Structures are given as C-alpha cells and as structure tokens.
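Trainee: Before we discuss the assignments, could you show me the sequence and the structure together?

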Number of protein chains: 2
Amino acid sequence: MKTRDRILRTALALFNEEGEAEQTAVDLANVLEISPGNLYYHFKGKDAIIHVLFENFETEMRMILGGSDGVVSTLEDQWVFIYILLEEIYDFRFFYRDLGVLLDRYPDLAVRFRGLLAEKRRTIEALLEHLSGRGLIRIDPVLSGLLTDQILSTLTFWLSLDQIEGADLPPGDLIHRTVFQAMATIIPYMGDEGADMLGRMLAHYEQAIAD
Amino acid sequence: MKTRDRILRTALALFNEEGEAEQTAVDLANVLEISPGNLYYHFKGKDAIIHVLFENFETEMRMILGGSDGVVSTLEDQWVFIYILLEEIYDFRFFYRDLGVLLDRYPDLAVRFRGLLAEKRRTIEALLEHLSGRGLIRIDPVLSGLLTDQILSTLTFWLSLDQIEGADLPPGDLIHRTVFQAMATIIPYMGDEGADMLGRMLAHYEQAIAD
C-alpha cells in the first residue's frame, strides 16, 4: 500500500477508535512508525487529513444516496439500502461522534455536512413519496414532514444514542436495529396492512441478527 | 452574589456560548476578572466546576421528571411539561452539545447521564401508558417501545440537529418546535381523533411562537 493511503487508513481507524480530539499528527506518525517529517511530506497536518477523509466520506455517501433513485421498492430493497447507508456512516463514525466539536473547528466542513444532511432528507422524502404513490402509506403532509425529520434524526444520531446508553451491541446488530427503527416509523401510516408489515419486519430483523 | 456562585454562573454561560472543550480554568478566571489562585480556592480546576454544574442539572432534571407523575393529562399540560424539560436542557446545553467528548473524558458523569436518560425513558413510558389507559391512543407494544425511542431521541438530540442544520431559530421557537415534534409522534395512534388533535397542536404551536 502507498504511504499516503496507509496514512489515511490508519488515521481513520485511530480517530474512530480513540476519538479525533485527543489525537495529534505526532501521535499518528508514532502509530504508523514513520517520522513526523515523512507524514508532513504527504499531509500538511491533521486538518489536511481530516479534509481528505471527509471528501472520501462525502463522495461515497453521495453515490449511495443517488443510487436509491427508482431502484428501492420492496421491503428487502429498503432494508439493504438503509443498511448500506448506515454501514458507510459507521466506517467514518468519528465525524458523527464528535460532531459538535468538529463543526465548530472546521466551518467549511460544517457547510458540506449540512449539504449531505439536506441530500439525506431529499432521499427520505423521495422514498416516502414513492411509498405514497404506490398506495402503501397514507399520510397527511404535515405529518409527512415530521416523519421525515424523525427518520433523518434516527439515521444521524443512532451512534450517539448507542454511546450514551452504553448498550455496546456488535456493530452489525446495532445497524440492523437502527434499520428496523427507521423503517418501523412508517407502520402507523400503512392502515390495516401495518400489522402484517410489522410482523414481516420483525421476522426480517430477527433473521438478520441471527445470521 | 457570592464568588462561588458567580464562578458557576459564568462558567455555565461561557461553556454554553463557546463550547467547553476550548476553555481552560485560566480563561474562566480572566472572564471573571479574578486571579487563577482565587478561582482555585473555590474549585480545584475545571473538572470540579463541571461536576458541580452536572449535579445542579441532575437535581433539577430529576425534580422535573418526578413532578410529571399523575399531574400531566391535557394537551396543554403535556406541552408545558415538555417545554420545561427542554428549557432545562437548554440552560445546560453544553452537556448535550459536546456529549461524546464529555462522556469520554468523565466516565463517572457518563454513568450518571445514562441514569438520567433512563429516567427520561421511564417518564415517557408512563405518559404513553397514561394516554393508553384513558383510551386516547391505541398502540401495539412493539411500536410503543419504538415510539418511546423516537421521543427520547427527539428530546435528546434536538440541539445537535439544530446546530447541524444551522437554522438558528430563537431558543423559544426552537423549544416550541421540538415540543410539537415530540407530541405529534402520537397522532397516528389516535385513530379518527388524530386529525382533530393535529389541528389543535398546530394551532397551539402557531400561537406559542407568535407570543
């Protein structure tokens, strides 16, 4: 692996494990067993590394969000789609973990993070419209806005909530539970089909965490 | 005002405004226009101040949460109750803003924060049971658990979501909007009464932010 790639991978793993705030460029050089000078040759400090990591995250998130258009229709499709989205967030989890501090420190990233959140919101709106268009849910426009907020909030703060609650689930189980939580929010808008769909979702969830 | 109280008030205002991570005990002494030695006479460093602030927050939160028992029944009662809860959180907002970092740094506070969250959860459960007992909502036990999670998540991450979205609402409006969001989650479980209740909630919300 090229040194540049090795630096990025190691930085990501270190920030995810130990939190970004406590780590310096020198700490990172020590973990990599290279000199600070060699690190500096590739990246002009920790800020530069964080910016490249954010760019990678942003590119991958936009690909995933853009890829949902028109292809996500069955329960299983939606499950997989949200799973992939959350897995991507998990891979870059330090951005979400220390969000307040990071947004304060890097105002340019705050703007771009806000852009990603807006795209996430549009994707959720499109999915709800799709379900509504197919007659699978019936929902008042005001409640549809609130439901979008709820799903967005679940898909943004799941890692923080898990951290506070200290439940310490294996990542795969935590992701499946979050997919279930996000998807189950539409159940009350499904009318009589809701009870059946909830049963199918629960079965799918139990199967997923048993695998 | 006694010096000790003045230190606590100023520290809280400073942490809320500027974030806790960037502030040192010396910064705080400068804002207070007292010597670091005088500050140290009252509190043995920033950690001691944070612990006392957390104790104050904890005491007030437990009083509010405990006070809901049996007295919150009408829509207006519930609105006021959640408003007071969120106002309390707003007063100590730096704990929520930099939560991940703070929980890492103070493991003892993480345990107590977790305890507060558990008490918040029990209060929400009790409110939902109360509504269910009076026949105002009908809800499957699985969905009731998920609804509790949603409300808890809304009441915990509202400040973070507002910060990321950068909407910059006046605090009172933001609190009213969050009360509306939390309460509207029960609408789909109200059956035919739901549409009427949503109308009443919207009117109450619009009145509240116009005042």
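Mentor: A residue is buried if 20 or more other C-beta atoms lie within 10 Å of its own, exposed if 12 or fewer, and partly exposed in between, with the C-beta atoms placed from the backbone. This is a predicted model, in which local features need pLDDT of at least 70 and side-chain atom pairs count only at pLDDT 80 or more, while totals for chains, interfaces and linings use all residues. Residues are numbered from 1 along each chain as its sequence is written, and chains are lettered from A in the order in which they are written.

Trainee: What makes I137(B) buried?

Mentor: I137(B) has 22 other C-beta atoms within 10 Å, and because the definition asks for 20 or more, I137(B) is called buried. I137(B) is found in the loop between helix 8 (107–133) and helix 9 (141–165) of chain B, where helices are DSSP runs of H or I with at least four residues, numbered from the N terminus.

Trainee: Why is M61(A) called partly exposed?

Mentor: M61(A), which is in helix 4 (residues 46–67) of chain A, has 17 other C-beta atoms within 10 Å; that value lies between the limits of 12 or fewer and 20 or more, so the term is partly exposed.

Trainee: How do you know that the two copies are related as by a two-fold rotation axis?

Mentor: Chain A can be laid on chain B with an RMSD of 0.0 Å by a turn of 180 degrees and a shift of 0.0 Å along the axis, the copies being superposed by least squares on the C-alpha atoms of residues with pLDDT of at least 70 in both. The relation is therefore as by a two-fold rotation axis.

Technical notes: Helices (H or I, at least four residues) and strands (E, at least two) are DSSP runs, numbered from the N terminus.
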